[in-house]
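Biologist: I would like to learn how to read a few features of a fold. Can we go through them one at a time?

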Amino acid sequence: MVTHSTPGFDADVVLIGGGIMSATLGAMLAQERPEWRILLLERADALATESSGPWNNAGTGHSGFCELNYMPDPADGTKALSMVEQFGRTRAWWDGLVAAGLLDRGFLHPTPHLDVVFGERDMTYLRRRYETLHTHPEFAAMEYTENPETIRQWAPLVMEGRGPESMWGRMAATRHPGGTDVDFGALTRGLTAILTDAGGDVRFGHEVTRLRRTLAGWTLRGRGPQGRFEIRARRVFVGAGGKALRLLQSARLPEVRGYAVLPVGAAFLRCSDPAVARRLDGKVYGQADIGAPPMSVPHLDRRYVDGADHLLFGPYATFSTKLLKRGRLIDFFTTLRPGNLHVVAAAGLQNLGLVRYLVAQLAASRRARFAQLQRFYPAANPAQWELVPAGQRAQLVTPDPRRIGVLQQGTELVTGADGTIAGLLGASPGASTAVPIMQDLLTRWGIEPAVELQSNSEKSPVGR
């Protein structure tokens, strides 16, 4: 299908960044507005090279089944229930694409989600969390146990080599069989194919460096394989991960005045021996240490990437002033403005625990890192594990009238007053948010999005 942009523009919508957010929006627009010309610009030479890459995230989908940091108060399940609701909307949309023959389901694998905790304090917490959640329909299948033999059945690797209970203390676990392992890289490529099959255009090696408002839209300037380029667009979505704030600042968007970002990196231990990986049927999450930030929750994940099974354990904090994995060391400094310096400073002073955690992580030896893994897998063989870098995140910091600056744990969709430009800031919780956020954006653009594509598959000829 050939699409045509509005006269006077090179594109009706330009998507900046080739990750899960731009791919999701592009696929939605291909369905809802097939007559529009959609252009996706990616600075790398491939899709999903940053946070959407399978080795740059844990792949849970962040459904709320096992993420204990969503419930610091075990009696308050508000956020966990919100996340499972969002993931339900996401799954409905994906299922619609699969049913319409537009998306291959190979990016998603059923994988139970477990929590394993140690000691009386955390056992009490987990028991109370289970009591709060399991009465809700979405969590009805969750099970709780303090029986070592039941834990051994659920996760043999966790119990292998652990020895008598008198040596390692008591433990408890929950298990939800309805979890998933999501290969965001494969999903991003599949969604982008929906866009290109509908006539959308993807250009690699194109880095947008500046956005300028015009009377009716936007001019994007940047560098590409053939040198500098200039593109005129009616609307712009900035899904550039850690570089999103810098681009929105270049657009002189009042809505981001005072906003800032802090670079947060991570690494994981990875085992690619299939004989080991296949013996863990699930993703095992634990409880962060007292005083550690929520993002430090340890987890041992079964991953299925490119047709092979792997295990990942982490995260281990790293530090760089880059805001993208393939970014530049000056990235963080380019986002600093007179109007956000005090916001960054205030957020840092209010999160000294995070600073101490980061310093301790950076100073940790390989032996100390491996000891953290052995708490979840005592019989782990060091020769079978390698340390691999994961994605680089830009943690959002927003102005606050009382606290001056607040470190945000989620994402924020920022839209310009006239609705022609939008961007996503912050470290996303993952697949739970991509679909609801992009549906929200379409609504702001006056487009009522379909939640389930199979019920709307006759309304446009996408991919046919």
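Biologist: Which residue in β15 is the bridge partner of A266?

Modeller: This is a predicted model. In β15, A266 has A317 as its bridge partner. Six bridges join β12 (residues 260-271) to β15 (residues 308-318), and the two strands run antiparallel.

Biologist: With which strand does β12 pair over 10 bridges?

Modeller: That strand is β16 (residues 386-400), and the pairing is antiparallel. In β16, P389 is the bridge partner of A267.

Biologist: How do side chains sit along a strand, and how many residues of β12 are buried?

Modeller: In a regular strand, side chains alternate between the two faces of the sheet. As for β12, 11 of its 12 residues are buried, leaving the strand mostly covered.

Biologist: Why is α1 described as largely enclosed?

Modeller: Buried means under 20% relative accessible area. In α1, 13 of the 13 residues are buried, so the rest of the structure largely encloses this helix. Helix α1 covers residues 20-32 and reaches 18 Å from first to last C-alpha, close to the 18 Å expected at 1.5 Å a residue.

Biologist: Which residues form the nonpolar patch on the surface?

Modeller: The patch is formed by L349, L352, V355 and V359, which together have about 380 Å² of accessible area. Helix α12 (residues 352-363) supplies the largest share, three residues. L349 is found in helix α11 (residues 341-350).

Biologist: Is L349 buried or exposed?

Modeller: Exposed means over 50% relative accessible area. L349 has 63%, so it counts as exposed.

Conventions
Residues numbered from 1 in each chain as written. Predicted model: local features only at pLDDT ≥ 70, side-chain atom pairs only at ≥ 80, totals over all residues. Heavy atoms only, no water. Patch = residues over 30% accessible without salt bridge, like charges linked within 9 Å, V, L, I, M, F, W, Y side chains within 5 Å. Areas by Shrake-Rupley, 256 points an atom, 1.4 Å probe, with all protein chains shown as cover. Salt bridge = Lys/Arg side-chain N within 4 Å of Asp/Glu carboxyl O. Helix = DSSP H or I, 4+ residues; strand = E, 2+ residues; numbered from the N terminus. Buried < 20%, exposed > 50% of the residue type's maximum accessible area, 1.4 Å probe, protein only. Expected span 1.5 Å × (residues − 1). Pairing = 2+ DSSP bridges.
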